[in-house]
Amino acid sequence: MRHVTACFRKRKHGEFKCLSRSFKQVLAGFYETGRREFTVLDSDMRFQVIVAAVFWSGFVESRKVRGISSSYKRFYKERKSFLCIDGSKIIPFEQVNDDYCDCEDGSDEPGTSACPRGRFYCTNLGFRPHYIPSSRVNDGICDCCDASDEYNSPAHCQNTCWNLGQKERAYVEGQMRTLDEGLRLKQQLIEEGVLLWREKQAQLRELQQVAEDLQIKLEEHRRRKHEAERLKEQTLKALEAGDSGKGRILMRSCCNPYSITVDEVKTKVVLVHDEERLLSEDEALGLLGGGHQIDLTKFRRTLWDVLTRGDSVKVRSISLHFQHPPRCFFAAEWEATNLKKVEEAYETVNMEISDLRKKLAIDYGTDWEFLFLNSQCYKLKVYEYIYTLCPFNQVTQKNTAGTEVSLGTWGMWAGMPKNQYSQMVYENGEPCWQGGSRTTTVTLTCGTETALRSVKEPSKCQYIMDFQTPVACQPVLKQRGIHSEL
């Protein structure tokens with residue numbers, strides 16, 4: 001500690017006496033006017049007093065504990081001793097910030113660069129506070145925006161915290177506006193997602209009903225095809241046996257395999273005792289049981305037996321020539337074609353049902369908010385490549401030559417437990433030349449538009465994408481706030 005020589009005059013004897021005192025003691029002596037009266041002897045003495053004041057102010061300033069946050073100030077209250085924060089050692093308080101490292105944790109030198117493990121706290125009033133390594137203290141480079149780290153260096157640092165804070169606050173306000181708008185749009189997409197989910201469920205029920213109807217038709221067409229093939233076979237056998245009349249009625253049945261009409265009976269059936277006379281309308285109706293037509297199956301069980309016995313009526317004998325068989329002779333082939341069409345329709349509907357079930361089995365969020373992304377694709381050009389993200393489907397990369405490479409197909413949600421819908425993983429893409437397959441990780445961020453923002457390849461055949469969409473906005477961000485210290 002600096003000392004100064006002070007001289008005073010005793011009241012009784014009028015003599016001067018000079019004593020060496022600390023400047024603090026000298027100043028205290030000025031207030032002891034009841035006992036002593038100080039007199040500065042000359043200009044040299046005045047100079048010594050001024051120098052002492054300067055040194056004292058420097059001493060007081062040097063004793064200021066720098067580089068600590070408000071939460072740690074309780075450890076640095078000036079007392080006789082100082083306990084290292086890790087509890088490893090007790091040292092005299094005078095050794096705090098004396099530019100010599102005494103504590104292993106560096107807690108005795110928060111404001112100097114003496115300790116390798118030390119940290120200096122930048123208060124940065126008006127901006128974000130943070131720690132820097134204590135090795136940067138007084139190194140001539142401004143690390144704290146409030147310049148507190150360069151308190152004893154030739155660097156001329158300006159306090160820029162307020163300007164930085166203004167920019168930060170403007171950015172945060174913009175983010176909050178984006179969040180508000182994103183949450184509003186997200187609510188709309190949630191409502192649309194619920195409606196879309198219901199539509200998909202209704203579509204699935206409709207397809208299932210169509211599949212059931214086609215199943216019934218399929219069985220009916222199989223039966224008809226079988227009947228047509230059997231009738232064709234019987235007709236051929238009858239014609240080969242020389243029974244042209246029987247062959248013709250069978251062929252007519254084959255041409256119209258579903259029913260026999262009253263007109264067909266009138267022209268092809270005659271009375272046994274009078275073959276030249278055509279049957280009347282009433283006679284034909286009587287054979288058909290009173291109706292104008294009869295189902296083929298019923299015809300085979302009733303009228304056909306009557307005609308083949310030939311007791312009272314029989315089939316008219318007509319000579320047939322089959323050098324050019326009539327078109328209706330190929331009823332079996334016709335039924336086979338119809339059956340194939342129904343089978344194809346049935347298969348198509350079942351495929352649609354399977355695809356729709358797969359889509360509905362995907363996790364689209366707690367409120368189906370991500371459902372609208374299905375069947376959508378988003379593109380982004382990066383240098384010579386065009387990247388395409390089709391959510392819940394695949395990711396591809398196409399070069400200028402038009403060659404397309406798969407970067408992965410939909411795998412799973414891979415976000416943190418608190419927000420599992422923040423990341424998508426697309427895996428099992430095309431093989432990489434170094435081994436393994438290409439994979440893509442898609443990070444979803446909050447925004448007012450749905451778009452693919454960036455694509456990177458941090459390691460070979462491992463891609464990361466930034467995908468912005470309102471449905472990624474989370475109310476919890478708004479509740480917590482951003483940079484509350486601003």
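This report walks through disulfides in a predicted model.

## Ground rules

Because this is a predicted model, local features need pLDDT of at least 70 and side-chain atom pairs count only at pLDDT 80 or more, while totals for chains, interfaces and linings use all residues. Residues are numbered from 1 along each chain as its sequence is written, and side-chain values use heavy atoms, with hydrogens and water left out.

A disulfide here is a pair of cysteine sulfur atoms within 2.5 Å, and the count comes to eight disulfides. Let's look at some of them.

## Cys142 and Cys157

The sulfur atoms of Cys142 and Cys157 sit 1.7 Å apart, and the link is left-handed, with -90 degrees about the S-S bond. Both residues lie in the loop between strand E7 (130-133) and helix H3 (161-240), 15 residues apart. Helices (H or I, at least four residues) and strands (E, at least two) are DSSP runs, numbered from the N terminus.

Cys142 is partly exposed at a relative accessible area of 40%, whereas Cys157 is buried at 19%. Buried means under 20% relative accessible area, exposed over 50%, and partly exposed in between (1.4 Å probe, protein chains only).

## Cys432 and Cys461

Cys432 is joined to Cys461 with an S to S distance of 1.9 Å. The torsion about this S-S bond is about 65 degrees, so the disulfide is right-handed. Cys432 and Cys461 are both buried.

## Cys446 and Cys473

The sulfur atoms of Cys446 and Cys473 are 1.9 Å apart. Their S-S torsion is about 80 degrees, so this disulfide is right-handed. Cys446 belongs to strand E18 and Cys473 to the loop between E20 and helix H10 (475-480), so the pair ties together parts 27 residues apart in sequence.
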